[in-house]
Structures are given as C-alpha cells and as structure tokens.
Amino acid sequence: MLESPVPSLPPPLLQLEGLTRRFAGRTAVDGLTLSVRQGEILGLLGPNGAGKSTTFQLLAGLLAPDAGHVRFAGQSLSLSDPSLRRRMGIIFQRGSLDDLLSARENLLLGARLYGLSGARARERVETMLTLIGLSDRGDERVGTWSGGMRRRLELARALVHQPRVLLMDEPTQGLDEGSFRTFWAHLKRLRDAEGITVLLTTHRADEAEVCDRLAVLDGGKLVACDTPAALAARMGGDILTLEAPEPEALATQVRERLGLEASVVEGQVRVEVAQGHALVPRLVEAFPPGRFASVSLRRPTLADVFLQLTGRALGADAPAPQPVAKRGRR
Amino acid sequence: MSAEVSAGQPALEAPAATRPEPGALALQWATVRVLLARDVVRFFRQPSRVVGALAQPILFWFVIGSGFAGSFRVEGAQGLGYQQFFFPGVVTMVVLFSAIFATITVIEDRKEGFLQAVLAGPGSRLAVVLGKALGSSTIALMQASLFLLLAPLAGVRGDTVNLPLLAAVMVLSALALTGMGMSLAWWVRSSAGYHAVMSIVLLPMWVLSGAMFPLKGAGPVMAWVMRLNPMRFSVEGVRRALYGVEASAAVGSAQSGLGLEVPVLLAFAVVFLGLAAFSVSRRE
C-alpha cells in the first residue's frame, strides 16, 4: 500500500507560496507554502478549523487570497486566471451534480463548461462513464443514486475536461467503507490513466493513509509535510491505552510509580513508550486488580501523529484504539 | 515547455497541455450556454412547476380580477373593465415570480450545487450572471407566453396587439427582474432572508406598479413611489401593447403614451445586470 518514494522526485506542478486568508480578525490560512509534485496524491490533513477548506476554496477560485500566490508548472498565475481554472478539476464537499439531469447530461454540461463541444465532448463523456464503471446507467437521473455512485460521477465530472490537477474537498465524507474503497480504487486508476496530480482535504485517518504525501495543517499553518509512513515513523515506539474507572488518578500514578509520560485522552489513559510489550507486565504488576479494565497496545496511527503534532484529535472519524492482536498492518 | 518541443507531432505525454485551447470568448459563451440549457431542461423536468406556472396566474387573474370587478371605475377608461385592467399586471407577475424562483435557487445552488462547479470553472462571473439571467428569462417568457394565450378572454383583439412592443417589454422586464433578484440573492445569502426581501420589497413593488390599481387614483406620495417603480414600466408597456395608447393613458400617467417603457426598461436591465455582475464577481 505504501510505496517508497521514487528516487528522483518529480518536479512540482502546483506551488502555493505564502497563501494567506483572513476572516474578520481570524487568520484561516496563514502563509501556507506547499509544493504539489507532478502525479502525486497530496492530502491536506487537519481537524475542522485547521484551514483546509479555506485553502480548498482559495485554490478553487471561490475565495480571493489576502496575500500569496500560486505557481502552475513554474508560472505565477492569479487563482482566477482562466488558464489555471481550465487545468483544474474540482470535487466539492457538498457535491455539484444536478439531480434532475442524467449522469450523461451532467458530464456533458461539465465538458461544455470547459469549451469541449460536439463529438469530442461526447467521446470524453463516454470514456469517463466507462472508467468509473457506470456506462450502462448513464441515462438515469442522478437524484435517485446512492452516495457512493454520486461521488464516482463527481470524479468523472471533475476530470471530463482533462485537467492537470484534481482538487477535492473531503471527497469521501459520509461514505461507508465499501464506497470509500471503490472511490479510491477508481481515483487511483484515473490518476494513472489520465496522468493527473491530486490535492485533497481530509480529516479521515484511513483516507490520509492512502495519500502519497500528507500536509498537516493546524491553525492555518503547515506543521509537517511527508509521506504517511515517514510521519508515523516520527512517533517511534508504541501507544498503550488503559481503560480505567478513574483515568485521571491512574495517569498520575503511572507518572509517579513508573516515571512515564501519561495523559488522559477521551477518557482513556494514554502512554507513549519505546518498548510497549515490556511495559505491559510491569503495569499489571504495579497496580492491584480493578484499577484498569483493559490494556491495549498498538503502533501509532496518523491520528496519533496528528495528536502529537497539534495537540488536538484529528476528528470524529479517527479510529478508536484497537487490541494488540487485531493490529498487524505494519 | 513541452508544448514547444512537441510542436508538429502528437504529444503523448501531456495531451491536456498540448490540446488546442478554447479561446477566452468561447469559454464565456460556453458558460452562458451551459447555464441556459440547464435551466430550460430543469424547468420541463418538473411537471409541478410547469402546471403551477400556468395555473397560478390564471387563478390569480380570475379570483382577484372578479373580486375587484364590481368596484373598479376609472374615468375615461372606456370599456376597460377590471379583468382587462388587471391582465397586464398578471403578465408582469408571471415574469416577476419566475425571476424570483430562478434567483432563489441561486442561494442553495452556489453553496451545495451545480453552480459551484460553474463558479470554479473557466468562465467569467459576468458570463455566469448572463447565463443565469438568460435561462431565467427564457423560462419567464415561456410562462408569460402561455398565459398570454388567454388574452382574447381579456378582450384583447389580435389585430391591434403591438407584438414587437410586447416582446421587447417582456424580454427586458425578465432580464431586469432577474438581475435585481440575483443581486439581492447574492447579498442575502439565505433562503429565509430572501423570502423576507420578497415580501418586503418585491411583492410591494408589484402591487405598486399599477398592476392592481391605477396610478391616477393614488395619493401624491404613493403616486411618486409608483412613478419611480421599475415594474411600473413593465406593466404599462404590456398594457399599451395589448390595449393601445388611449385605454392605457386613461389609467396610467402621461408617460404611457410616450413610448418610454422600452428605453427605461433597457436602462433598468443594464443597471441590474451590471449590479448582479458586480456582486457575483467580487470574490469574497
């Protein structure tokens, strides 16, 4: 799943330089500088209010930046420049399909909006419908479709005019696990087929895992940018979680008796240590029965990385700690 | 740049970069056409809207028309009963409601609908406004034309109707009212707020347009409000096109006979569409 980065890095295709946007005294995006490399899938990761959506709206041309600019293939361009807009395909969080139109009609209008016409537009529409596996349902009105199918069609609509960059705002929000996987399978296939570069916002840890690189945002600022594997490796060690009736008291005692850094996160005592396995028997011996109900040990996830980088939880979609036996992915 | 290197031979690596680019004007026109086509298709896919568009003005015309018929007397308006007097007002109302409906959808559509993709696309904001205005005006004109089929019932004689004037007044009214509605919708931002604007601004404007009662009988203050009302020119234009100069002058003001409706409505259309384009093109 996690491919190691190519030795010679592809050149940056889209560069954000000092992008800043303020709202009535609050700086939503604060001097954001970021390079999106040709062909990669870069995820903007952060909880609500981190500045992801504002960044998306700036790049989508819906908001004007207060400062900063972007470069596309090295060329400095205004975000409202039609030649930049033409090269971007966009998927909005709330969707932008017309429910009263068929899938084919939605795609055809999408193609025409970007100046494609006649046979060329129709050819692209059929190509996209085939690529997302919905060509036999192209004449159905999309108002009756499920969330997963609509998202796939959004993907086709965003790419019908052959953009260079695909920009997505929380593309899989509200999708179940199956639809999430189908969407990403199609996305990766389209990325390879069409040679696109992808920039998306997310606060799903499972979505962050499948990105090539992640830019972690907090308070409108970039706090880290690396591959998911490298970010997880920064944590080192393991995460031990104790379910206890009195978590605060237990955390204090863990600090005093074992000399470990323990904190209470969402009602559970959390300890980050280098050798988690060795600590489990010491913990069990150090406390009488009943002081904690369960111990779980796991490798750090991106949600943990995020917590460490920003001091805040990634969001409601972050996975809950799972028992040691169930983890085995890395 | 790869475009220069690969000039003259098919570029396999980056088809998107070497594809001939559509011209700037072609993209504007594409945006206008997409929005226009979408509005027309949507209209015919909502049967309740088609039926309502026809039934509502007919009901309005008969119910209010017959309710006031007994008490309506205007000196000098020979033969112009209330049903006849009221008919042009209902035509304007059809255009107004159509514009309101079209622009109220803009509020939701821009936050979570098709319009987002258009706004983030390569067309200019002016093209977005024009496309939306043309779409909404086309629907308004279709609805108004259907209602106008009832004109013989309102005592309109086919041989005296001034069709060019009627068409010009309706087209310009539709554009002006859509422009006005869109400017309001863009600033108001919520459907609830727009409903308030509708009942405080738009509906009173229609009532005071000379649609329901003539300018002649109004008090001095009211008469001035009515004189400056953009919608008045729409109602008077339709009335003059349908019933001729004499009958219209009897209930309206002196301007009725002067043919000012078309230039005034044109000015309103330009101003309101310009205002809409200004509002929409300000990237917040």
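In chain A, helix α1 (residues 52–59) lies across strands β3 (41–45), β7 (165–169), β8 (197–202) and β9, and runs at about 140° to β7(A). Helices (H or I, at least four residues) and strands (E, at least two) are DSSP runs numbered from the N terminus. Contact between two residues requires C-beta atoms, placed from the backbone, within 7 Å. Axes are lines fitted to C-alpha atoms, for helices over the stretch in contact, with angles from 0 to 180 degrees between N-to-C directions. The model is predicted: local features need pLDDT of at least 70, side-chain atom pairs count only at pLDDT 80 or more, and totals for chains, interfaces and linings use all residues. Residues are numbered from 1 along each chain as its sequence is written, while chains are lettered from A and ligands numbered from 1 in the order in which they are written.

Six strands of chain A form an open sheet of mixed pairing, in the order β6-β7-β8-β3-β9-β10; two strands pair if DSSP finds at least two bridges between them. Because β6 (88–91) and β10 (221–226) of chain A each have a single partner strand, one side of each is left without a neighbour in the sheet. Neighbouring strands are turned by 15° against each other on average, direction ignored. Strand β9 (residues 213–218) of chain A pairs with β10(A) in the antiparallel sense over five bridges, and A215(A) stands opposite C225(A) in β10(A). Helix α5 (residues 147–159) of chain A lies across β6 and β7 of chain A, at about 160° to β6(A).

Between the chains, 26 residues of chain A are in contact with 28 residues of chain B. On the side of chain A that touches chain B, α3(A) gives the most, with four residues.
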